[in-house]
Amino acid sequence: MTAEAIVKSQARNILKDNFVKAIVAMLIVLLPFYMIDGATTALSCAYINFVSDEKMIKIMVYAIGYPLSLIVGFLLSPLMNGYIRAHYKAAYTNNIDLRDVFYYFSAQHYGSALQLNIRYILRMIVPSILLFAPLIAFEVVSAAIGSDFYGTILYNDVYFILAALSTLATSLYAIRYFTVFTVSADNPQFTPQQVFAYNKYIMKQHTGSVAKLICSFIPWLLLGMLVLPLLYVIPYMTQSLCVSAKWLTKSALENDP
């Protein structure tokens with residue numbers, strides 16, 4: 001049995017008695033972001049009904065609405081940290097505690113979680129832009145060709161392929177920070193600098209094994225878009241990645257306690 005198969009088997013065993021809680025944890029994280037998106041869309045539609053100036057509408061939507069949504073989303077981002085913490089702790093205890101989802105909203109941990117998240121974003125933003133450059137260039141060229149090209153079969157096929165490749169490449173690049181949020185869960189007293197330093201030590205020579213695990217989920221994600229509901233695929237993938245992070249951390253501690 002391969003390492004990926006062992007990790008997935010352990011994840012399934014954990015989810016066997018925690019699947020409902022895994023679904024609830026995911027919905028807790030997703031619901032506020034869906035509410036933000038829905039509120040932005042509703043306010044944009046309402047504003048259009050009262051303002052006829054198209055230029056002013058664009059200013060309100062793109063200069064105010066979207067930036068405000070990003071700010072609120074960032075302020076709620078510790079929910080994602082808590083979601084990872086809940087699954088990571090379950091890798092040790094075999095129990096998903098929904099209270100862990102809100103762990104970083106305490107006065108003691110909220111600021112540290114935001115600091116860690118902004119440092120993670122800053123480390124990922126430039127590589128992400130570069131890896132999505134082919135998709136961005138395609139959009140620019142498509143706009144130059146003219147509106148008749150948009151919506152064609154060729155446009156949709158090329159767009160999907162470039163988006164999928166850029167997303168995969170960005171995900172593989174992010175592997176170098178694979179244990180950042182689990183290290184933070186294990187060591188809440190660590191500063192963001194210490195978290196990234198310890199993550200770097202843990203991930204030394206292990207990026208290939210994590211890449212294999214992530215790539216093994218590509219068929220599952222495709223099935224999630226076509227057959228299986230993502231409500232199953234996402235908790236399964238999250239729990240598997242957290243189980244993997246557990247074993248990588250244990251391996252690092254055994255090498256250098």
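**Entry 1**

I looked up Lys89 and found it partly exposed, with a relative accessible area of 24%. I note here that the model is a predicted one. The cut-off for buried is under 20% relative accessible area and for exposed over 50%, so the 24% of Lys89 falls in between.

Which residue forms a salt bridge with Lys89? I found Asp186, with the closest N and O atoms 3.9 Å apart. Lys89 sits in helix H4 and Asp186 in helix H8, so this pair ties together parts that are 97 residues apart in sequence. I also checked the exposure of Asp186: with a relative accessible area of 30%, Asp186 is partly exposed.

**Entry 2: the other salt bridges**

How many salt bridges does the structure hold? I read off 3. Side chains of opposite charge can pair when their charged atoms come close.

One of the salt bridges joins the side chains of Arg85 and Asp100, at 3.1 Å from N to O. Arg85 belongs to helix H4 and Asp100 to the loop between H4 and H5, so the pair ties together parts 15 residues apart in sequence. Are Arg85 and Asp100 buried or exposed? I found both of them buried.

I then turned to Arg99, which forms a salt bridge with Asp97; their closest N and O atoms are 2.9 Å apart. Arg99 is exposed, at 66% relative accessible area. Asp97 counts as partly exposed, at 23%.

**Entry 3: Ala91**

I stayed in helix H4 and looked up Ala91, which has its place there. Ala91 is buried, with a relative accessible area of 5%. The cut-off for buried is under 20%, so a value of 5% qualifies.

What does Ala91 touch, leaving out residues up to four places away in sequence? My list reads Ile14, Gln239, Cys242, Val243 and Lys246. I also noted Ser244: Ala91 and Ser244 are 153 residues apart in sequence, yet their C-alpha atoms are 8.9 Å apart in space.

**Entry 4: the nonpolar cores**

In soluble globular proteins, nonpolar side chains tend to be buried together. I looked for such a group here, and the largest nonpolar core has 47 residues. Phe178, Val180 and Val210 have the most contacts inside this core. Several helices supply at least two residues each, among them H1 (3-16), H2 (19-50), H4 (78-93) and H5 (110-131). Which helix gives the largest share of this core? I found that H12 does, with 8 residues.

I picked out Val180 and listed what it touches, not counting residues up to four places away in sequence: Leu116, Val195, Phe196 and Asn199.

**Entry 5: helix H7**

I checked the length of helix H7, residues 153-173. At 1.5 Å a residue, its 21 residues should span 30 Å, and the end C-alpha atoms are 30 Å apart, which agrees.

Which residues of H7 are buried? I wrote down Tyr155, Leu162, Ala163, Ser166 and Thr170. They cover an arc of only 105 degrees around the axis, so they lie on the same side of H7. What covers the buried residues of H7 includes H5 and helix H6 (133-145).

Last, I looked at the face of H7 turned away from the buried side: the exposed residues there are Ile153, Leu154, Phe160 and Leu165.

Methods: Residues numbered from 1 in each chain as written. Predicted model: local features only at pLDDT ≥ 70, side-chain atom pairs only at ≥ 80, totals over all residues. Heavy atoms only, no water. Core = buried A, V, L, I, M, F, W, Y, C linked by side-chain atoms within 4.5 Å. Buried < 20%, exposed > 50% of the residue type's maximum accessible area, 1.4 Å probe, protein only. Helix = DSSP H or I, 4+ residues; strand = E, 2+ residues; numbered from the N terminus. Contact = heavy atoms within 4.5 Å. Salt bridge = Lys/Arg side-chain N within 4 Å of Asp/Glu carboxyl O. Expected span 1.5 Å × (residues − 1). Arc of directions from axis to C-beta.
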